[in-house]
Structures are given as structure tokens and as C-alpha cells.
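Please find below a colleague's note on the model under review.

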Amino acid sequence: MGRLVLSQLSRSFKDVTAVDNISLVVEDGDFLVLLGPSGCGKTTLLRMIAGLLEPTSGTLELDGLDITDLPSRHRDLAMVFQSYALYPHLSVAKNLAFPLTVRRTNRHDVSRRVAEVADMVDIAHLLERKPRELSGGQRQRVAVARALVREPKAFLMDEPLSNLDAKLRTATRQELAALHRRLGATFVYVTHDQVEAMTMATKIALLNGGRLEQVGTPDELYDRPASVFAAGFMGSPATNLLDARLSSSNGAITVMAPGVEAVLWEGETPEREIVLGIRPEHLSLHAPGSVAAAPTSGAALRGVVELCENLGREQLVHCRVGAHRIGVTCPREQRWEEGAVVVLGASTEHLHLFDRATGRRLEWRAEPPLTQHAAPNEPALSV
Ligand SMILES: Nc1ncnc2c1ncn2[C@@H]1O[C@H](COP(=O)(O)OP(=O)(O)O)[C@@H](O)[C@H]1O
Ligand SMILES: [Mg+2]
């Protein structure tokens, strides 16, 4: 078992609040990814879970037991550091054996377990080497193997792939995901890389400035970003975000901005300032006149092509729309001249609406007309 409950955890360093009131449940067997930009508090949060750093306030539970004040070595959690933290003077075999020998496991069991995990991560041929005689990828495997020897309740990993080159990172990412499935153990994994998060996580906790921005499955974060920040952080090329105004006319709810016109649904709404989000892959490019200038539903953006970038598999066409530069991904066979006047279309289901003042997602419901997604650890906001 390995179920972690974080309740209102905070940590400050002098005047910096690195982790700000985070409550989160990591279910047994979850691969939870703590995701966010550099400096958002991921490492601080993971170190508190590991017991390497005391929270300023809040509590931590592991399988129903309050471990807030329990020393790290009694927590039954294994940590893999970004730097791997191997003992340079010990062989790989001794590095792997170390967590067991300090627990006075008998020598026969130690060698059996070392051989087992070495097989599991494919380093059996490296057991007699010293860390300096290994490549970066091999050291990374040794660090993971050392975490595995003890069969802890959860594995904690802080950017374990960041020192590997791109190709090795992709391969290791798949191996870690497979390892997680095979062990069925709880993983808490820190990264700033949204692709790692999307591909490995069963659940993502997105952090921003020490606070939880959104918690959900990779699909939920991608398909229904709960805030402007989440929409902007997840996805590459990045989500287009435009300032716009929500209002109703002729019984329909509309979104307007310079060069932008969108008809959403039937209904009434008070006017409000919003941010409209549209992913580049959800826009399509048309010559003017080939589509209705005023859409009956969905969005039509009028713009001018500024730049076409060849991304290999497809192209990214940058268009000037009002004061914004909007990216559209489309097949490379489509030829768009720079300076051409174009219409960018998107269907209603692909429009993301956010309140301009709070940055939170607006969701259409029958009653009340619009509800605002609360941040994970904030009280619900009513509109
Ligand atoms: N030991 C420390 N002393 C002072 N400030 C710290 C310390 N550790 C982290 N911080 C600050 O806390 C914030 C979060 O840091 P960190 O948890 O390392 O972020 P991340 O891992 O997401 O990059 C940063 O502003 C960082 O400068
Ligand atoms: Mg960090």
C-alpha cells in the first residue's frame, strides 16, 4: 500500500512561500506527476513528502498514519534524485545493496535482491563498475534500481531524466511507465516537462507559484484546462489566448474581439471580459469567401498570414488577428503566402473560455448560466 494524503501543506523560506496551502490525495498505485515551471515549488513539495524538509504548516499521511513529524528514514519511501546521488567509491552492486545493509538485511537476501533489481532495469552486466565508469543513462538506471531494492510504499523522483539526451529520455520514459505498471506501486514524479507528464502520469498536479492550479488525468488537463495558466502550459505549440468579450445578442451567446466573432449557444449572459483559448490544432485555415464570414456556430477569426514554419510532420502558420498572433497547425501541402488574408475557423466544442479577472475556466450550465472552476484548494466561486 502507498496512499498519501497531503493536507494544507505550506513551506516558506524567509519571505518566499515556496509551497502554499496544498491539499492533495495520491491514491495507492497512482503515478502522480508534480508538474510546473521552474521555481513553482515542486522540489520543495517532494522533499517535504520525503521527510527531508519540514513543512511550515500542514500535515502528511501515509496509509492513514500521520507522518508529518516522522524522520525520513522511517517513512518507507524511496527517493531518486536529479543528480542520482550515487556513492562514487562504491561499486554498482554495493550502491544497490546499501539501502539493505543499513537495515541489517542478511547477506544472502541482499545479493538475491540486488540480482533481481539489476535484472529488472537491465544493469546486471554493470554490477562491478564504479559510477564514474558508467554513462549518464546507466547511472540513471542504477539510481532507479537502488530505489527498487527496498520495496518501499512509494517512489519519489525529482526530474530523474533531465540529465539525459532527448532520445534516451524518450526511451527511459517508456521504461519508467512500464516499471510502474509492473510494480503497481505509487510514484510521485517531479518534472517541468509536459510531455513526460502527459505520457507517464495517471494523475497530474499542475503547480504555479507554489499553488495547485489543476489536478486531473492527462486528458482532463489537456481537454479541459481549468485556467488560463493550465491552457498556456499544456500543449505544444502553445494554446492561443485572446482577450475577448462575452455577451448575448439575438438570443445567442457570442464572443467578440477585434477580428474575432464566435457564436456559442442559445441563451442570455451578462457581458463580461474573458480570455478565449483555442489550440493551434483546432483551428483550420480558409480563403475568405470559402466559409461564411459570420458563423452560425463556432468561431471565425479574420487575419493575415505572417509566417509559415515547417515542423516536419505539419506546418505552423502564424497569423495576425487584431493585436494577437495566432498559431494554426495544418498539413504542409496547404500553401499559404505571407500577407494572404485568411479566415481561421474553430468549432464551439474547441473554444475554451476563462474569466479575465480570475483566470479560471468558465463552464456552460443551464442554471446558473456560467460556473467558474475553483482552483483545487480554493472555495468554489459563484458567478
Ligand atoms: N533552501 C531554500 N532557501 C531559500 N529559498 C528556497 C530554498 N529552496 C527553494 N527555495 C525557493 O522556493 C521556490 C520553489 O523552489 P523549488 O521547490 O526548488 O522549485 P522547483 O523544484 O519547482 O523548480 C523558489 O522560489 C526557490 O528559490
Ligand atoms: Mg526542482
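1. Basis of the note. This is a predicted model, in which local features need pLDDT of at least 70 and side-chain atom pairs count only at pLDDT 80 or more, while totals for chains, interfaces and linings use all residues; side-chain values use heavy atoms, with hydrogens and water left out. Residues are numbered from 1 along each chain as its sequence is written, and chains are lettered from A and ligands numbered from 1 in the order in which they are written.

2. Polar contacts of the ligand (pairs of N or O atoms within 3.5 Å). Oxygen atoms of ligand 1 lie 2.7 Å from a backbone N or O atom of G39 and 3.1 Å from a backbone N or O atom of G41. The side chain of T43 places an N or O atom 2.8 Å from an oxygen atom of ligand 1. On its own, ligand 1 has 560 Å² of accessible area (Shrake-Rupley method, 1.4 Å probe), and the protein covers 57% of this.

3. Four-stranded sheet. Strands (DSSP E runs of at least two residues; helices are H or I runs of at least four) β2-β1-β4-β5 form, in that order, an open antiparallel sheet, pairing being defined by at least two DSSP bridges. β2 (16–26) and β5 (65–66) are the edges, each with a single partner strand, so one side of each lacks a neighbour in the sheet. Seven bridges join β1 (residues 4–13) to β2, and R11 has V19 as its bridge partner in β2.

4. Six-stranded sheet. The order here is β6-β7-β8-β3-β9-β10, in an open sheet with mixed pairing. The twist averages 15° from one strand to the next. β6 and β7 (residues 154–158) run parallel, joined by four bridges; L77 has A154 as its bridge partner in β7.

5. Angles run from 0 to 180 degrees between N-to-C directions of axes fitted to C-alpha atoms, for helices over the stretch in contact. Helix α1 (residues 42–50) lies across β1, β2 and β4 (57–62), at about 120° to β1. α1 also lies across β3, β6, β7, β8 and β9, at about 150° to β7. Helix α4 (residues 136–148) touches β6 and β7, its direction making about 175° with that of β6.

Note on methods:
Contact = heavy atoms within 4.5 Å. Polar contact = N/O pair within 3.5 Å; in protein donor to acceptor, adjacent residues only side chain to side chain.
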